Amino acid sequence: MGRTQVRSRRLLVMLLLLSLWPTSALAETNPDRFSAGGYFRAMARPDFDGGWSRLGLWNLYGRLLNEGPWAALELKLDALQQEPGTHDVWTSLHAKLEGGSVHGADVRNGSLENYSLSQLYVKAGNVLLEGVTWQMGTLHTYFGDLGLYDMRPSDLFYDTVGVSALYQNDTIDLLVGFGDSGYGKRGDQYSTILTAGGSLRVRLVDGLELGVGGEFFYEPEVQGNRFAPHRTPLPQNITYEDYVRHEIVARFLEQNPGREDEFPKPVPTSSSSYKLVGYLGFGKLGPLRWNNLFVNFGLRHPDNFYTETVAGRNYTLYTQALTDQRYELNVGNEMQLALVPELLDLVWAGVLGTRTDEDNKVSASEDNRFFYSLVVRGQLYLTETVHFLAETSYAHENSKQGNLWRGHYNSVFESQDGLANSEGLEFGDQDNRNTWQLKTGFVLNPTGYGVFARPSIRLLYGLQHSTMHNAFGNSFVETLDQFNEFRETSDRNWHSVISLEAEAWF
Amino acid sequence: MRLPNSSKTALLLLAVAVATLTACVKPAPVTQYAPSTTVALAFALDDTQERKTLEAPAALVEAVTVALTERNLEVRVVPFDTLAEGFGAVRDSDRRLEQVAAVADSDVVMLIETRADFYSQLSGRYRWNVTTKLTVAARSDLAAAEAETLDLAAVLSYAHEVESDAVASLKNDIAKRAGRLFDRFFEGRATQGPQALNDGTAKKKLMPTASTSSL
């Protein structure tokens, strides 16, 4: 048993012991000092098309049937309970464990290796400043989410551990935070990434609110730390194409035979990045329950380094200068409508995104894409607890610099202008991928009406058509080798699954 | 559009499963009481920051009223204005019950106190802890009150939703528990009345109003 597993089990035992913490006696409506909340989704999804129980490749086509199992458990202990009408200090402890595997529902069979302590923080109020809530530990926060996509374009401090202060009144929520995102972004190649940011939400009138926010990352130069940001000065005649193929050293040695020791040494530097978010929410107008509009614009944090091996010798190449211009813009909207109260609800959502890598002008990649998607879900209430659900989605994805996807079973070798090129700068024979999905079936919601009412037990059928061949996780052997016993003989653009699934927040 | 055979198989399986689900469960009828029984119903939504009490959401008041009216009880909701000041000053349930009894003109009083504490942003939702205390007593014998406390989770979709939304989202749960508490309160105090309707279920008849003093 690995150390990580031992630690995970010890943590679980501690959390279970915490759950036995005595609770307060009740002469009035005081909450228990300890409480637990969480979320899970688990499913049985027979896949008759040879797939891995997911209808499509990702949740751009709507989260329904495109996501796998997930479980989260958040524990809270009110170490000092809030006493109304006083300015006494109060504090609570929070720990959240979550991960994406359930025994029998996916290939990882519920292994605890797939779970992590994703959040751990202390909240405290009335310390130094009245009416301010301090949070120390993990700081992840967001204005809201796109429920149909399970996306949070406005999230901030996802990787940050530090301290934040939240001031709230009837009109505004003002949050400022400061911390370090080094472990979150770099893992075992830790280097300090100072992070500062904040957000402001203003409730202009009842039914209309605005929000803005941002976070900024700065990774300082540190002499002698191999994980700190550096840049490797590229020798003359070395191009970005050589970097894409990871052939920089080989090209250098071609031009400079026998001068292995003269390959340029890394130069310390600093890195920075940022993310800006915006939010507009409005609703409570007739059948319109609420509409959330989110936008974010950001510069991704530069990568650190990679290794090339030439003639048995390893060379470390620092890529800060090659990955410091990767911009992304995302816009997402979700509108929830009660068309006929307690009979028919409708939710629609759309996202639009673009990725641009100013450094990369030669190859197709995930960093040079454009996409949009629309999802519409209707829920018809047959009874208060038995509902009929229908959802459809259409998504268009475009690779801005050449082919990125395969359209045919026999296009395995097409990687450069339709020709075979194992070192090509493209992949496949298509620069567009269009995906349509339909999901329909029955929902049992014990708690009653509502598209997002939970818990929910669903029996669904999903159908997908994609212009990409095999546009779902699968076990096919994609080769044209004449000895391949599982050789494909036709394009596979359709995919369907049937799903019996349960989902709940608790 | 021509679907592959696997899609047809999946559709067939879905149809079979739906057919299996068509069997429906008939809800158990609720207990009926004598029409002359009156209940004063009072609500409180306690603020977590300030020492004040807010008016409970109308949706909750309506749901509980319906749950009791279905039991053939005559429900009289005590206007919040008459209790706001007293409830704001006192959070002890027994003393609040006395305040309700003092202004109520009914055989039975029922107090529903709620409190909503924000828990956290949880997997895209806003989770609240809603603590509810239900207390029921004969107005003439408050010492023999029966109470039940509920700790429920409210999961809301939006940040602008506040305490009253969290409580309102649990209106059905709270109303059902209020009805059951009422039934439990009268167990042992009720007689199987000769006028009980014969619809195949055991229905209770509360003692006449004049006898409620013995509760």
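1. A:Gln336 sits in strand β16 of chain A, which spans residues 326-340. The model is a predicted one. With a relative accessibility of 3%, A:Gln336 counts as buried, because the cut-off for that class is under 20%. A:Glu414 is 78 residues away from A:Gln336 along the chain, and the two C-alpha atoms are 44 Å apart.

2. A:Gln336 is also one of the residues lining the second largest cavity. This cavity has a volume of about 40 Å³. Its lining draws on both chains: A:Asp145, A:Gly147, A:Asn292, A:Glu334, A:Gln336 and A:Phe452 from chain A, with B:Arg125, B:Ser157 and B:Tyr158 from chain B. By class, two of these residues are nonpolar, four polar and three charged.

3. In total there are four cavities of 30 Å³ or more.

4. The structure has 46 salt bridges over all chains. In chain A, A:Lys76 pairs with A:Asp78, with 3.7 Å between the closest N and O atoms; both residues are buried.

5. In chain B, the side chains of B:Asp46 and B:Arg96 form a salt bridge at 2.7 Å, N to O. B:Asp46 belongs to strand β1 (residues 38-46) and B:Arg96 to helix α4 (residues 93-103) of chain B, so this pair ties together parts 50 residues apart in sequence. Both partners are buried.

6. A further chain B bridge joins B:Arg184 to B:Glu148, the closest N and O atoms being 3.4 Å apart. It links helix α6 (residues 171-186), which holds B:Arg184, to strand β6 (residues 141-156), which holds B:Glu148, so parts 36 residues apart in sequence are tied together. B:Arg184 is partly exposed at 34% relative accessible area, whereas B:Glu148 counts as buried at 13%.

7. Salt bridges with shared partners also build one network, whose members include A:Arg41, A:Arg45, A:Asp145, A:Glu501 and B:Arg125.

8. On the surface, A:Leu339, A:Val340, A:Leu343, A:Leu380, A:Leu382, A:Val386, A:Leu444, A:Ile457 and A:Leu500 make up a nonpolar patch with about 690 Å² of accessible area together. A:Leu382 lies in the loop between β18 (369-381) and β19 (386-399) of chain A and is partly exposed, at 46% relative accessible area.

Definitions and conventions: Residues numbered from 1 in each chain as written. Chains lettered and ligands numbered in written order. Predicted model: local features only at pLDDT ≥ 70, side-chain atom pairs only at ≥ 80, totals over all residues. Heavy atoms only, no water. 1 Å grid on protein atoms, 1.4 Å probe; cavity = no way out; pocket = protein on both sides within 12 Å on 5 of 7 lines; lining within 4 Å. Points joined across faces, edges and corners; volume = space filled by probe spheres on them. Nonpolar A, V, L, I, M, F, W, Y, C, P; charged D, E, K, R; others polar. Patch = residues over 30% accessible without salt bridge, like charges linked within 9 Å, V, L, I, M, F, W, Y side chains within 5 Å. Areas by Shrake-Rupley, 256 points an atom, 1.4 Å probe, with all protein chains shown as cover. Salt bridge = Lys/Arg side-chain N within 4 Å of Asp/Glu carboxyl O. Helix = DSSP H or I, 4+ residues; strand = E, 2+ residues; numbered from the N terminus. Buried < 20%, exposed > 50% of the residue type's maximum accessible area, 1.4 Å probe, protein only.
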